[in-house]
Amino acid sequence: MSNNYLERQYTISVSNVNAEFDITLKHVFELLQDIATEHADMLGFGWNALHNEGKVFVLSKMCVEFCGKIALNDTITLATWPVLPNRFFCDREFVGKDANGNVVLKATSRWCLLDLKQRNIINPSNIEHLYGGPYLEQTSGASAASEKLIADSSYTHCYDKTIRWSDLDMNKHVNNTNYPLYAMDCADSDNAFIPIKRVEVQYHSEAHCGDVLSLYSNQSDGCLRVVGKIADKVCFTAKIIF
């Protein structure tokens, strides 16, 4: 297959599972981040290439659906590919299969291209000279539709998280893989280790070292809904379906 499609194998180690020996949500997001980063570099629009032009991709949304169990010592084959961008967003698709070829996860990520100097969203056509396709037409089957979450009176304050240096990535803001971890820390004891069916994380604004992130949660109807705010500004929202 052409280079607009990338496959990699990963074995789940003891550092990447929870108390039930299942893969952690944070590690799922780490694997998706790693393969997407590698593929973007291969296609010519990776972090270094974009920074040389004063641009960067920022993650707007990640939706992951689980179709099977992923546990300690399992080997999964993860595939990814970008789809044709529109005026504002670039989507990337993912499919994960177990050693028997069964689909165990599907995911869709949505990205915005940002001008670093102006700090505004720009049209993906601005990097067509780096990579202009061809793009694959198939999708993973993971819907990018997500619920709009607002921390109304049905939400309760769960905890405050002060952002530290260890939370940051090479863009000097909180790495996107940490937000599912912050959300799962809002789960009550009955839901903490129940298998997850789907997760939706929307990224609204950056969090930096020293910021205090306040987490508000609503747990009902088999869902954990989380809104993270810095002062009165929404930083991220997450919906986890068990």
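1. Asn-175 sits in the loop that runs between β7 (156-162) and α3 (178-184). The model is predicted. Asn-175 is buried, because its relative accessibility is 11% and the cut-off for buried is under 20%. Its side chain makes a polar contact with the side chain of Gln-33, at 3.1 Å. Leaving aside residues up to four places away in sequence, Asn-175 touches Gln-33, Asp-167, Leu-168 and Asp-169.

2. Next, the cysteines. The whole structure has zero disulfides. For Cys-209, the nearest cysteine sulfur belongs to Cys-235, 14 Å away. Cys-235 is in no disulfide either; its nearest cysteine sulfur is that of Cys-186, at 13 Å. Cys-209 is partly exposed at 29% relative accessible area, whereas Cys-235 is buried at 0%.

3. The aromatic pairs number eight. Tyr-179 and Tyr-203 have ring centres 5.6 Å apart and planes at 70°, so they are edge-to-face. This pair links distant parts of the chain: Tyr-179 is in helix α3 and Tyr-203 in strand β8 (residues 198-203), 24 residues apart. Both tyrosines are buried.

4. Tyr-179 also pairs with Phe-236. That pair is tilted, with 4.8 Å between centres and 45° between planes. Phe-236 lies in strand β11 (residues 233-241), 57 residues from Tyr-179. Tyr-179 is buried at 3% relative accessible area, and Phe-236 is buried at 0%.

5. Two further ring features. Phe-45, Phe-57, Trp-111, Tyr-131 and Tyr-135 are linked by ring pairs into a cluster. Arg-110 lies over the face of Phe-89, 5.5 Å from the ring centre.

Technical notes: Residues numbered from 1 in each chain as written. Predicted model: local features only at pLDDT ≥ 70, side-chain atom pairs only at ≥ 80, totals over all residues. Heavy atoms only, no water. Helix = DSSP H or I, 4+ residues; strand = E, 2+ residues; numbered from the N terminus. Buried < 20%, exposed > 50% of the residue type's maximum accessible area, 1.4 Å probe, protein only. Polar contact = N/O pair within 3.5 Å; in protein donor to acceptor, adjacent residues only side chain to side chain. Contact = heavy atoms within 4.5 Å. Disulfide = S-S within 2.5 Å. Phe/Tyr/Trp six-rings, centres within 6.5 Å; stacked < 30°, edge-to-face > 60°. Lys NZ or Arg CZ within 6 Å of the ring centre and 35° of its normal.
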